Amino acid sequence: MTVYTSVQGLARGLQVLKALNSMEGGRATSQQLADLTGLHRTTVRRLLETLMEEGYVRRSRSDDSFRLTLSVRALSEGFTDAERIATVAPPIMGRLLQRITWPSDLTTPDGDAMIIRETTHRFSPLSFHRAMVGRRLPMLLTAAGRAYFANCAEVEREEILELLRAGAGGEEQQTMARNAALVRALIKRVRDEGYGGNSGDWAAQAKIGALAVPVFANGSVRGSLNVVYLSRAVSLAEAQRKFLPELQRAALDISAALEAGLVQTVAAPL
């Protein structure tokens with residue numbers, strides 16, 4: 001495999017951008033940036049000139065300070081909430097696996113279904129599936145889908161139901177989505193119990209049981225975290241007793257990490 005050397009100029013340019021973003025008000029002089037990064041002032045000034053040419057930094061005529069421009073926000077446009085949550089979750093899910101042994105999945109919404117963004121299936125000795133990332137889980141038939149569906153905003157929930165009523169998720173979910181009383185009961189049960197569950201509800205995985213809890217950030221649900229087990233090996237009552245507290249603990253840890261990351265990546269005022 002070819003090994004490429006790092007590009008020092010690019011690394012230093014990113015270092016200056018991060019330093020400028022960390023300054024109060026998002027502004028700093030070249031000397032302040034040199035002090036913060038440890039780079040020579042001349043080097044910092046050359047990097048700032050390049051960043052200005054590329055449109056990411058502008059210089060104030062009043063005090064010769066440098067500021068970020070709106071263009072820096074375009075650098076994060078491709079980094080979605082789904083990618084963010086999948087980035088912070090793995091170490092937390094790894095610790096969860098050590099405590100419960102059974103595999104778990106982190107899922108985020110994908111239209112009429114939940115999509116697996118991260119999983120511990122490949123590390124669990126009790127896993128019965130390996131290639132799970134990217135797999136879609138039915139919204140109304142699985143623990144992961146139910147945990148998210150019951151906790152998302154009403155507008156989003158209605159959009160999901162419209163897709164399902166139109167047949168996007170198959171005939172069984174179409175029938176469920178068209179039954180308003182059933183949908184209300186499902187939402188109430190999940191909210192009252194604090195988790196979504198399924199035990200053979202999904203015909204494609206009739207032998208599988210699962211519990212899932214929502215993952216929140218800044219008051220909004222962003223995804224769900226489940227634990228998957230064989231129904232013949234673990235009863236629902238046992239799963240509730242052993243797995244639910246651990247799931248809730250892990251979901252809170254993911255939420256905290258996600259909220260911390262959101263705070264850190266908010267662009268400074270220009």
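The exercises below treat a predicted model, in which local features need pLDDT of at least 70, side-chain atom pairs count only at pLDDT 80 or more, and totals for chains, interfaces and linings use all residues. Residues are numbered from 1 along each chain as its sequence is written, and side-chain values use heavy atoms, with hydrogens and water left out.

**Exercise 1. The chain**

Task: State how many helices and strands the protein chain has, and what share of its residues counts as buried.

Solution: 
- Step 1. The protein chain holds eleven helices and nine strands; helices (H or I, at least four residues) and strands (E, at least two) are DSSP runs, numbered from the N terminus.
- Step 2. Of its 270 residues, 45% count as buried, where buried means under 20% relative accessible area, exposed over 50% and partly exposed in between (1.4 Å probe, protein chains only).
- Step 3. Among contacts between residues at least 6 apart in sequence, 54% join residues at least 24 apart; contact means heavy atoms within 4.5 Å.

**Exercise 2. Packing of H1, H2 and H3**

Task: Determine how helix H2 is oriented to H1 and to H3, and which residues form each contact.

Solution: 
- Step 1. Helix H1 (residues 8-22) packs on H2 at an angle of about 110 degrees, with the axes 10 Å apart. Axes are lines fitted to C-alpha atoms, for helices over the stretch in contact, and angles run from 0 to 180 degrees between N-to-C directions.
- Step 2. H1 and H2 are therefore roughly perpendicular to each other: angles under 35 degrees count as roughly parallel, over 145 as roughly antiparallel, 65 to 115 as roughly perpendicular and the rest as oblique.
- Step 3. H1 contributes Gln 15, Val 16, Ala 19, Leu 20 and Ser 22 to the contact, and H2 contributes Leu 33, Leu 36 and Thr 37. The residues of this H1 with H2 contact comprise five nonpolar, three polar and no charged; Ala, Val, Leu, Ile, Met, Phe, Trp, Tyr, Cys and Pro count as nonpolar, Asp, Glu, Lys and Arg as charged, and the others, Gly among them, as polar.
- Step 4. The axes of H2 (residues 30-37) and H3 (residues 41-53) come within 9 Å and cross at roughly 115 degrees. H2 and H3 are therefore also roughly perpendicular.
- Step 5. From H2, Ser 30, Gln 31, Leu 33, Ala 34 and Thr 37 meet Arg 41, Val 44, Arg 45 and Leu 48 of H3. The residues of the H2 with H3 contact divide into four nonpolar, three polar and two charged.
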